[in-house]
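Please read this briefing alongside the sequence and the 3D structure.

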Amino acid sequence: MRFAAVQHEIDWETPSSTRRRILDLLSTTKADRAPEFLLLPELCETGFSLDLDVVADLEADGRSSEAWASDLVAERGSFVQIGHATRAADGRGLNRASILGPDGGLVGRYDKIHPFSFAKEDRVYAPGRTVEVLNCGGFKVCPLVCYDLRFPEIWRHGVRAGAEVFTIGASWPAKRQHHWRSLLIARAIENQAYVVACNRIGRDPSHDYAGGSMVISPLGEVLAEGGADAAIVAADLDRDALLDWRRTFPALTDLQARWLDGETAEHSR
């Protein structure tokens with residue numbers, strides 16, 4: 001199954017023109033075959049905005065983010081993970097990743113568990129509560145969002161729930177690009193899972209973005225990697241190879257799950 005990160009520039013708080021960018025990139029990029037799973041960045045239509053009146057419950061060109069994504073995949077017969085915002089019951093935002101299936105139907109949603117407090121995201125967006133693992137074309141996919149990359153414990157919860165592919169959309173600033181690349185490879189190795197990561201390019205009022213979208217194997221091999229320009233970064237994922245590696249080197253069977261379930265070390269006195 002071919003997974004592709006759609007690495008594009010975002011017109012700040014302007015979803016209609018950004019959607020055209022995405023469609024143009026998909027239509028003009030040549031590939032030997034069409035991807036079966038498309039991954040878009042965090043808040044992929046508006047940029048990393050804290051203005052909920054702009055980004056939440058988005059209606060542009062008469063269609064919400066999920067409705068637009070549904071049309072996108074229905075035309076292509078693929079899955080898509082779109083990063084967008086909505087509102088929680090208390091009025092705060094939720095930084096969401098939604099996966100739509102080839103028929104345009106909703107497969108599932110994940111809300112970012114770790115709002116980026118360094119950029120005051122936590123003042124506007126509520127944290128999500130659960131890790132999701134969704135069936136997508138024969139793979140078990142765990143969607144995540146940007147800052148979640150720095151918290152390996154939720155990746156462990158994902159792999160314990162059966163995750164075989166982690167798909168993470170991001171707005172990761174260029175000044176910490178080395179962290180982005182290093183952490184993605186580490187997460188693939190330690191979870192013996194594929195990692196498909198999509199980062200935006202361009203700039204917003206606060207940051208520059210250097211792309212660097214990646215597809216990484218369960219052994220930590222970089223199968224595909226983007227630069228700082230708009231691109232479709234794609235690779236074929238082999239589930240049999242993943243399962244064979246987990247059998248051959250069964251590190252996950254040694255996972256001491258009690259440390260994820262609340263047990264802490266006793267301090268010496």
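Leaving aside its neighbours within four places in sequence, S78 is in contact (heavy atoms within 4.5 Å) with P35, E36, F37, L38, V73, L100, G101 and P102. S78 lies in the loop between helix 3 (65-76) and strand 3, where helices (H or I, at least four residues) and strands (E, at least two) are DSSP runs numbered from the N terminus. At 1% relative accessibility, S78 counts as buried, a term that means under 20% relative accessible area, whereas exposed means over 50% and partly exposed lies in between (1.4 Å probe, protein chains only).

This is a predicted model, in which local features need pLDDT of at least 70 and side-chain atom pairs count only at pLDDT 80 or more, while totals for chains, interfaces and linings use all residues. Residues are numbered from 1 along each chain as its sequence is written, and side-chain values use heavy atoms, with hydrogens and water left out.

**Helix 3**

- Helix 3 has 12 residues and reaches 17 Å from its first C-alpha to its last, close to the 16 Å expected at 1.5 Å a residue, the expected span being 1.5 Å times one less than the number of residues.
- The buried residues of helix 3 are S65, E66, W68, A69, S70, L72 and V73, and the buried residues of this helix pack against helix 1, strand 3, strand 4 and strand 5.
- Directly after helix 3 comes G77, whose phi is positive, near 70°.

- Strand 3 (residues 79-87) is joined to strand 4 by eight bridges, and the two run antiparallel; two strands pair if DSSP finds at least two bridges between them.
- V80 has L100 of strand 4 as its bridge partner, and L100 also stands opposite L106 in strand 5.
- Strand 4 and strand 5 (residues 106-111) run antiparallel as well, joined by five bridges.
- The hairpin of strand 3 and strand 4 has five residues between the strands, and G91 in that hairpin takes a positive phi near 95°.
- The hairpin of strand 4 and strand 5 has five residues between them, and G104 in the turn has a positive phi of about 85°.

- Apart from its neighbours within four places in sequence, L184 is in contact with L149, I168, V195, A197, M214 and I216.
- The 15 residues of helix 5 should span 21 Å at 1.5 Å a residue, and the end C-alpha atoms are 22 Å apart, which agrees.
- Buried in helix 5 are Q177, W180, L183, L184, I185, R187, A188 and N191, and the helix is followed by Q192, whose phi is positive, near 45°.

**Positive phi in two loops**

- E13, in the loop between strand 1 (2-7) and helix 1 (15-28), has a phi near 55°, a positive value in a residue other than glycine, and E13 is partly exposed, with a relative accessible area of 26%.
- L43, in the loop between strand 2 (37-39) and helix 2 (52-55), has a positive phi of about 40° although it is not a glycine, and L43 is buried, with a relative accessible area of 1%.

**The whole chain**

- The protein chain holds six helices and 14 strands, and 52% of its 269 residues count as buried.
- Among contacts between residues at least 6 apart in sequence, 67% join residues at least 24 apart.
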